[in-house]
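Biologist: Before we discuss the classifications, please show me the model and its sequence.

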Amino acid sequence: MENSHADTVVIGAGTAGAAIAAILAEHCDQSIVLLEAGPDYGPVTSGRWPKDLIDARAIPNSHNWGYDSGKQYASRVIKFERARVVGGCSSHNGCAAIWGSRPDYDGWASSGNHGWSTEELLPIFRTASDRLRVRIPLDEEITPYQRACLEAASNAGIPRVADLNNLDENLGMGASPANIDDQGIRWNSSFAYLDPVRGRPNLTIIGNAIVDRLILQAHRAVRVIVSVNGTSHQIEADRFVLASGTYGSPAVLMRSGIGAPKELRAAGVEVTREVAGVGHNLHDHPRVSLIFNGTPALIKATQAFGEIHWMPDEQTIAKAQSSRCGPGFDLHIYPSGGSGAHPPRDWYWTLDIACMTPRSRGSMRLRNADPLAAPIIDHRYLSDPDGEDLQVLADGLEIARRIAACDPLRELVGDERSPGTSIASRSEIEAFISTHVAHYYHPVGTCRMGPASDPEAVVDARGRVHGLDNVYVADASIMPVIPRANTNLPALVVGERIARWLVER
């Protein structure tokens with residue numbers, strides 16, 4: 001590839017980026033170049049896709065950026081898995097296709113982001129779900145452990161619901177809608193969006209393309225510097241759309257000199273445009289786990305089920321409410337384990353608890369100007385000054401224990417391996433959570449959407465970077481507040497929403 005020109009360059013072919021490039025290629029008479037840092041394995045029919053990326057039984061780790069918490073936690077390292085492959089995290093995740101709750105998107109709109117209310121987004125959620133082949137598993141597909149959790153939750157006061165994507169239903173447990181087709185294939189955004197348009201002459205997909213930075217002139221970006229298979233190139237374009245994710249998109253902006261001046265200079269980057277909020281507002285759903293050993297009866301039932309049916313690692317989710325809950329709900333409790341992901345010599349099952357309304361905020365900074373250097377990621381879990389996140393998780397752990405103590409689950413799960421029954425008082429539970437908190441794999445917020453009057457806002461309600469005429473961000477990084485959902489579908493909806501506006505322009 002020689003130095004070239006395109007009408008639009010989309011940076012990142014992940015969950016949102018694949019959709020953006022496809023929509024632009026299909027609806028605009030323009031040349032679109034889609035850059036992906038990882039490999040492009042072609043259409044689903046190519047036969048080149050690695051099995052772990054399409055087999056939805058377990059979450060793969062083969063195409064991971066390798067990000068982690070470094071030395072921030074003295075006793076452990078938290079891995080921040082992000083996928084480096086076309087399709088992005090939709091090629092690499094648990095396939096939960098969850099929408100959230102009505103207050104999520106109405107909250108975005110009421111904070112000055114017009115066009116993002118729940119009613120305005122619902123048609124896009126439906127379209128995106130259809131294209132990803134989202135379906136709710138049938139009862140006969142639900143594993144013995146997951147089925148027991150559904151019954152136990154109902155006995156604990158969390159009723160079974162038919163559709164977790166009812167945005168007005170804020171208490172209940174059900175089988176998770178998932179982008180898994182009836183053959184057990186993880187139907188990622190590359191299959192859903194790129195495959196139908198791969199033959200179009202106006203779309204060029206370039207894999208193994210590491211984006212360094214944008215080159216600015218006045219209020220516009222004029223070219224992108226990218227290394228493809230180790231060779232540096234420059235692509236000029238009239239418009240640039242960043243869809244590299246919550247860690248990747250702010251990193252490209254910062255390497256381009258767009259961000260908080262003090263932070264840019266500390267990384268050895270020359271300031272080209274002051275946008276103070278780049279890399280700020282990082283947050284995720286903090287999570288903690290109850291782990292059980294299981295019993296011979298559960299192991300036997302699981303093995304028998306696995307001889308007939310496929311077994312995903314995750315399959316059901318409960319929406320629950322802590323004692324501190326306001327509108328909507330504030331907890332996910334979800335069972336996992338007991339599938340082919342865990343060999344028989346170490347069977348275990350979990351009830352994971354996630355705070356869906358986190359108040360804690362962290363940041364992402366550049367380590368240096370090298371595009372291959374991992375950024376410094378600091379989520380600052382449980383750091384909110386009032387301690388609300390910790391209290392919500394502590395309530396959630398107590399609710400999860402009540403579920404585990406109900407029939408038919410209590411006869412199946414065996415001993416509590418972690419934290420163990422010796423951790424019983426509220427103070428002991430809070431101490432355990434403080435040292436074992438992890439994440440739900442849903443980072444958002446580092447290119448926060450908001451009006452220009454918001455000093456921390458990075459993009460406006462149409463995704464355009466404040467102060468620049470032709471640079472947009474369209475992925476989970478622009479979410480001002482995380483929705484009460486696995487961010488798989490919401491990230492795709494962000495991409496679709498902004499792509500449709502770009503088509504109109």
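Biologist: Are Trp49 and Phe191 buried or exposed?

Modeller: Trp49 is buried, as is Phe191; buried means under 20% relative accessible area, exposed over 50%, and partly exposed in between, with a 1.4 Å probe and protein chains only. This is a predicted model, in which local features need pLDDT of at least 70 and side-chain atom pairs count only at pLDDT 80 or more, while totals for chains, interfaces and linings use all residues. Residues are numbered from 1 along each chain as its sequence is written, and side-chain values use heavy atoms, leaving out hydrogens and water.

Biologist: Why is the pair of Trp49 and Phe191 called edge-to-face?

Modeller: Rings of Phe, Tyr and Trp (its six-membered ring) pair if their centres lie within 6.5 Å; planes under 30 degrees apart count as stacked, over 60 as edge-to-face and the rest as tilted. The ring centres of Trp49 and Phe191 are 4.8 Å apart and their planes stand at 70°, so the pair is edge-to-face.

Biologist: Why is the pair of Trp99 and Phe125 called tilted?

Modeller: Their ring centres are 5.2 Å apart and the planes are at 35°, so this pair is tilted. Trp99 is buried, and Phe125 is too.

Biologist: What makes Arg133 count as lying over the face of Trp187?

Modeller: A charge sits over a ring if NZ of Lys or CZ of Arg is within 6 Å of the ring centre and within 35 degrees of the ring normal. Arg133 lies over the face of Trp187 at 3.6 Å from the ring centre. Arg84 lies over the face of Trp65, at 4.4 Å from the ring centre.

Biologist: How many disulfides does the structure hold?

Modeller: The structure holds 0 disulfides, a disulfide being a pair of cysteine sulfur atoms within 2.5 Å. For Cys325, the nearest cysteine sulfur is that of Cys355, 9.8 Å away.

Biologist: Why does Cys325 count as partly exposed?

Modeller: Cys325 has 23% relative accessibility and therefore counts as partly exposed. Cys447, in contrast, has a relative accessible area of 0% and is buried.

Biologist: Why are H10 and H11 called roughly perpendicular?

Modeller: Helix H10 (residues 388-404) and helix H11 (residues 426-436) pack at about 110°, with axes 10 Å apart. Angles under 35 degrees count as roughly parallel, over 145 as roughly antiparallel, 65 to 115 as roughly perpendicular and the rest as oblique. H10 and H11 are therefore roughly perpendicular to each other.

Methods
Axes fitted to C-alpha atoms, helices over the stretch in contact; angles between N-to-C directions. Helix = DSSP H or I, 4+ residues; strand = E, 2+ residues; numbered from the N terminus.
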